[in-house]
Protein chains: 2
Amino acid sequence: MTSGITLWFTGVPASGKSAIARRVRELLAARGLPVELLDGPEVRQSLSRGLGFTREDREENVRRIGYVAKLLSRNGVIAICAAVSPYRATREEIRQHVSNFVEIFVDCPLEVAERRDTEGLYAKARAGVIEDFTGVSDPYERPEKPEVYIRSDEESIEQSAAKVVKTLELLQLIPQVDDGFPDADDLRRRLRGLGYI
Amino acid sequence: MTSGITLWFTGVPASGKSAIARRVRELLAARGLPVELLDGPEVRQSLSRGLGFTREDREENVRRIGYVAKLLSRNGVIAICAAVSPYRATREEIRQHVSNFVEIFVDCPLEVAERRDTEGLYAKARAGVIEDFTGVSDPYERPEKPEVYIRSDEESIEQSAAKVVKTLELLQLIPQVDDGFPDADDLRRRLRGLGYI
């Protein structure tokens, strides 16, 4: 049994993590790779019913996702996780415990995310209904060395998802497929600069 | 990717589920099979911090174990779950959602379990500190058609664990190994009687 991968999407609420994560799942599944998506809302329903949005509850939610990702990835599965996960220390803790942690920073200016927010979370945070809301009343700690850097307000979902998949190839975590991805050299330079390849 | 298995140990608190489950894990791992143990206390720490022992909280805990077992077993892993899981309906619900559900009923007279209880849970239940405690103040609904039936006060852990593994062979869920297990014919008759083979 080869090791799996933990793909960890992080970014402020409504930055576009879920949409990219879903597309990445499709692309990997189409290659016949075993993949599971642990997405915020579904995971909250399945693992974290009763938890709220305080710092402590959000941290607990993120740790639970990390625990399940550990179980899956050490059994050869690609666990795709999409959660705000605003604290660097928690993300690094998860990196230590799972197989082949790949951090994907979905960067997006706050005003764009807020405009996009279909769930109305930012509005609730501005109104004070949700306390400690990431980006509004609680910090988002940007990743320092994410394996993949995405600007979701400047790239299409398709471009972002392709970047993630190509990065997995460059990191030699999945077999290479020659699909003519245009920016492979940029990604390679970036990963080399970060010391990942 | 072949389907995995969900091995579901059920029985009153301190009936011996965890000890047998741990030994089954060892036996399966020694055969090179991918296996994960989701055991009550560890799972409570990782997935269910904050949940108590009310009926509702215990049900939620069991459902979370079932959710993780679903993710693991549909990716080829043998998920071994050990939880009291006293309600038949919840166990049947999990059977519907996971791959190859195998129910293992660890039967044990209540007075034996209570004598054995190292965590002091029965004492707390008798004292009224824990309400709705299975076997004391809340019912345990015995499985009607468990794939494996264990009398933990009459069998050794080694015998019980071997029965579980041999049953998986008879159900053709794992490859057969000729290890001279003495009661294979009894198990076969039992499984045939229940309509499982």
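Predicted model: local features only at pLDDT ≥ 70, side-chain atom pairs only at ≥ 80, totals over all residues.

Let us begin with helix H2 of chain A, residues 40-47. On the face turned away from its buried side, H2(A) carries the exposed residues Pro41(A) and Gln45(A). The buried residues of this helix are Gly40(A), Val43(A) and Leu47(A). Viewed down the axis of H2(A), these buried residues fall within an arc of 65°, so they line one face of the helix.

What covers that face? The cover over the buried residues of H2(A) includes, from chain A, helix H1 (17-30), strand E2 (35-39), helix H3 (55-73) and strand E3 (78-82). Chain B contributes to it as well, with its helix H2 (40-47) and helix H3 (55-73).

This brings us to the contact between the chains, which takes 14 residues from chain A and 14 residues from chain B. On the side of chain A that touches chain B, the elements giving two or more residues are H2 and H3 of chain A. H3(A) gives the most, with six residues. By class, this side of chain A has eight nonpolar, two polar and four charged residues.

Finally, the core. The largest nonpolar core has 94 residues, and among those with the most contacts inside it are Leu7(A) and Leu7(B). Leaving aside residues up to four places away in sequence, Leu7(A) touches Val24(A), Ile78(A), Ile80(A), Cys81(A), Val102(A), Ile104(A) and Val164(A).

Notes:
Residues numbered from 1 in each chain as written. Chains lettered and ligands numbered in written order. Buried ≥ 20, exposed ≤ 12 C-beta atoms within 10 Å, placed from the backbone. Helix = DSSP H or I, 4+ residues; strand = E, 2+ residues; numbered from the N terminus. Arc of directions from axis to C-beta. Contact = placed C-beta atoms within 7 Å. Core = buried A, V, L, I, M, F, W, Y, C linked by C-beta atoms within 7 Å. Nonpolar A, V, L, I, M, F, W, Y, C, P; charged D, E, K, R; others polar.
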